[in-house]
Structure formats: C-alpha cells, structure tokens
2 protein chains.
Amino acid sequence: MKAANKHSKIIHAATKVFAKKGFFNARISDIAKEAKVADGTIYLYFNNKFDILISVFEEEIGALIEQVKKLLDSEDDPREMLAVFAKNHLSVMKKNKHLAEVIQIELRQSAKLIKDYRNNKFSEYVDIISTIIKLGQEQSIYRASIRPGIAKRAFFGALDEISRVWTVGISTEYSVEEATQQVLEIFLCGILEPDASLH
Amino acid sequence: MKAANKHSKIIHAATKVFAKKGFFNARISDIAKEAKVADGTIYLYFNNKFDILISVFEEEIGALIEQVKKLLDSEDDPREMLAVFAKNHLSVMKKNKHLAEVIQIELRQSAKLIKDYRNNKFSEYVDIISTIIKLGQEQSIYRASIRPGIAKRAFFGALDEISRVWTVGISTEYSVEEATQQVLEIFLCGILEPDASLH
DNA sequence: ATATAGTGAATGGCTATTCATTCATTGTAT
DNA sequence: ATACAATGAATGAATAGCCATTCACTATAT
C-alpha cells in the first residue's frame, strides 16, 4: 500500500475515533486499530497525537471548503448563496456525524492550543459567510448597518448549535430542510411580525 | 474552615483551572493548589474529577439562570426580553472569561458523557429563550412560523460563537454593546434591506 | 478523649512514543 | 533466469512518564 493511501486512511480513522471518544480519551492504538495499521506506523506519517488532530481539521475542513465553494460558483444572488451555505453545512453535518463532532468539540478544545488562530482552515470556512454578506451589501441587498465580521459568527454559530443536537443523539426534533429554512428565515427576515410595531 | 466554604472554594478554583487548561489537561493538584487545599481534600467534597466538572456547570450556570430570570421579571415586552437575555449573556461572558470557556468547551466535551442531556441546567438556560419566543408569538409580536425550539438554538449559538472570540484571545474587534445590538438587529429584523425585493 | 476535617506522599493503572526487528519490494550481478 | 543485496515501510512489545485516587497519619475542635 502506498503512502498517500495510508495517510488518509489514518486521517479518516482518527476522525472517527476522535468523534467517538474525544481527543484525550482516544488512544493511538484505537486509531491504529481502526485504520488497520500498527501503532508505530502512525508515527511514520504524523509527529504526535496532536499533529493528527490538526491534520484532521486541515483535511476535513479543507474538503468542506472546496465543496461549498464549488456550489457557490454557480450562484450570484447573495440571498441564494447564504441558503446554499446553510443547506450544505447542515446536510454535511447531519450525514457526517464524526466530522460534526470533531468540529464542535475538538476544534474548540484545541483552539486554545493553536497559536495562530486566525490563520487556519476553520477561519477560512467561516469567512466565506462574511464574503457573501459583503457582496450582498455592495448590491444593496443586505443592510449596510450589518457588520459582516459579527454576522458571520452569528450565522455560523446558529448553524453549529442547531446541528449539535444531531451529534448528541437527541431524537430528531426537526429535519435538515426545516432547520435550514428556519435559519434562513431568521437571518434574512428576522423573527418579528411585519406589523409588530403596530402593537 | 467550614464545609460549605471549602466546597465553593474548590468550585471556583476548578472553574478557573478548567478554563485555563481544559478538563483533561487540568490536574487535580492544580485545582487543589488554586483552592489552597490538599489534593486529598478534594475527595472529601467530590467523588471524582468528572464530578467536579458537573458541579461547576450546575452551580455556575445555575447562578446565571437566577440572574437573568430576575432581570426578565421586570420586563414584559418580548422584544425587550430577548434584548435583556442577549445583553446579560454577552456581558457576563465578556467579564467572566473562565465561565465562558468552561461553557464553550467543557460543556460540549461533557455533553457526550452526560446521559440525560436534556435534564440539566444548561438546557434550562437555553429554554429561557424559547419561552420568550413563545410569549412573543402569543402576543403576535413574533411570527407564528418561527419554531421556538429551532430559534432558541440559533439565538444561543449566535451569542455563543460571538463571545468565543473573547475567550480565544483575539484582539477585540467589537464591543459588547455593538455585538448585542447586531445580534438583536439580525434576529428581530433580519439582514435584508427593507426594499431588497425590488432588486 | 473522641470525632471530624484535612493532609500529601505513595500507589497503580494507563498510554504516548520509541526502536530493534521483520517483511516486502526493487535493483544488480552472474 | 536466479541469487543475493539493499532499501525503507511496517510492526508491536517495551519503555517511561504522567496523574487520579487512596489511605495512613496529623491537626483541630468540642
């Protein structure tokens, strides 16, 4: 088996094991077993346990970025673009629970340990949202009073928290489609009745 | 020194240490040192390390619930109530970084380990949001199409993600006041230009 | 004097990492 | 075509260090 193949086998195994047990409870031997390699083999591809975690982020989130950017290429309405982002994010998280858990738990856990927090794949992913918002503002579709740097966090945070119930294992209270629709309704139109000010 | 006093001394020390190092990197001896007690003393008040973490949630979030409920008592406009919740949450998180980090990281970390996820203080806290939304719907101030169970997560997720930058140590891009105002603008009115549909 | 609270060194279990060895593949000489 | 050598990927048992928990002992209060 050639190197590249084994590298990604370990990455996928690690994603699965980290999601199931968490970084600190995951044993190297668990990952090795899952990847069907020897414990020592892992150290031919990674420097240490933490290095595996970082690589999981880089590769898994990198793939997510590629995917959503491709989808966004064929859209030009900023409203639709936000919808595409939300739909994609929630459906990926619903399908790939391992990735969802790693993002939700381990990414935050390790944020403290990563020095250059802004210079990583995760930030790149979230910045897609602010780019869309800025685009919408240039076209006067989104309000100029909205600060893209704050709104991107609000939007991502909403999606992330909503998808969290799926990883914790609470019985599904709502579908991906409904969750997507609700988040978009809230962000685009807010939750006020249009004539609420009359009351 | 009497029992109750020492118990809370350990809780506060643990909050500080968990925030700084994370649950798994925190040593019992760190907590003991911070609380100025012997390692063994901790086991007079808690069963084990994980029990300390659970107690931290229960007590710290419990206090947060009391505080925000008291503030909400003197409001009756659901719009204002949501504002009070956001303002309180963000200002507490900005001030009490230790609590913020414990909520953001360890809560998620431990969610996997806690069996009955819905029956805890954290859920009680987030449910305050859905209660406010339902109230607003009864008064026809909030749209009936909004699902409180989804909106509560979106709202909390937004606040949580926004406050995360303060704990990670990124230089402050925005103030508590501005963040609060932006979240409320987004949730109440959305981000669309009022006349965006004309474009 | 007894009970209760507190102490902190010692224990024991756990696991990341190492490294001497094996194995499979490729190259070279005859 | 065959034998032998060289390479480096892969292995997994052994090491070494960490740290939660315990417990025999001390201090304090009544």
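## Rings and the A–B interface in a predicted dimer model

Over all chains, the count of aromatic pairs comes to 20, where a pair means rings of Phe, Tyr or Trp (its six-membered ring) with centres within 6.5 Å, and planes under 30 degrees apart count as stacked, over 60 as edge-to-face and the rest as tilted. One of them joins Phe23(B) and Phe24(B), edge-to-face, at 5.1 Å centre to centre and 80° between the planes.

A word on the ground rules: this is a predicted model, in which local features need pLDDT of at least 70 and side-chain atom pairs count only at pLDDT 80 or more, while totals for chains, interfaces and linings use all residues. Residues are numbered from 1 along each chain as its sequence is written, chains are lettered from A in the order in which they are written, and side-chain values use heavy atoms, leaving out hydrogens and water.

**Around Phe23(B)**

Phe23(B) is buried at 6% relative accessible area, with buried meaning under 20%, exposed over 50% and partly exposed in between (1.4 Å probe, protein chains only). Phe24(B), at 22%, is partly exposed. Phe23(B) also pairs edge-to-face with Phe50(B): the ring centres are 6.1 Å apart and the planes sit at 80°. Phe23(B) lies in the loop between helix H1 (3–21) and helix H2 (28–35) of chain B, and Phe50(B) in helix H4 (residues 49–73) of chain B, so the pair ties together parts that are 27 residues apart in sequence. Helices here are DSSP runs (H or I, at least four residues), numbered from the N terminus. Phe50(B) is partly exposed, at 25%.

| Lysine | Ring | Distance to ring centre |
|---|---|---|
| Lys49(A) | Phe23(A) | 4.8 Å |
| Lys49(B) | Phe23(B) | 4.7 Å |

Elsewhere, one aromatic cluster takes in residues of chain A and chain B, including Phe85(A), Tyr125(A), Phe85(B) and Tyr125(B).

**Where the chains meet**

How much area do chain B and chain A bury between them? The figure is about 6000 Å², 58% of it on carbon and sulfur atoms; buried area is the accessible area (1.4 Å probe) that two parts lose on being put together, summed over both. In chain B, Arg143(B), Arg153(B) and Ile191(B) lose the most area to chain A, together 13% of what that side buries. The contact (heavy atoms within 4.5 Å) takes 61 residues from chain B and 61 residues from chain A.

Six salt bridges link the two chains, each a side-chain nitrogen of Lys or Arg within 4 Å of a carboxyl oxygen of Asp or Glu. In one salt bridge, Arg153(B) meets Glu173(A) at 3.2 Å, N to O. On the chain B side, H8(B) gives the most to the face touching chain A, with 13 residues.

**A pair of positive phi angles**

Most residues other than glycine have a negative phi. Ser140(A), not a glycine, has a positive phi of about 55°. Ser140(A) is in the loop between helix H7 (121–138) and helix H8 (148–168) of chain A and is partly exposed, at 34%. In chain B, Ser140(B) has a positive phi near 55°. Ser140(B) is found in the loop between helix H7 (121–138) and H8 of chain B, and its 33% relative accessibility counts as partly exposed.

Conventions. Helices (H or I, at least four residues) and strands (E, at least two) are DSSP runs, numbered from the N terminus. A charge sits over a ring if NZ of Lys or CZ of Arg is within 6 Å of the ring centre and within 35 degrees of the ring normal.
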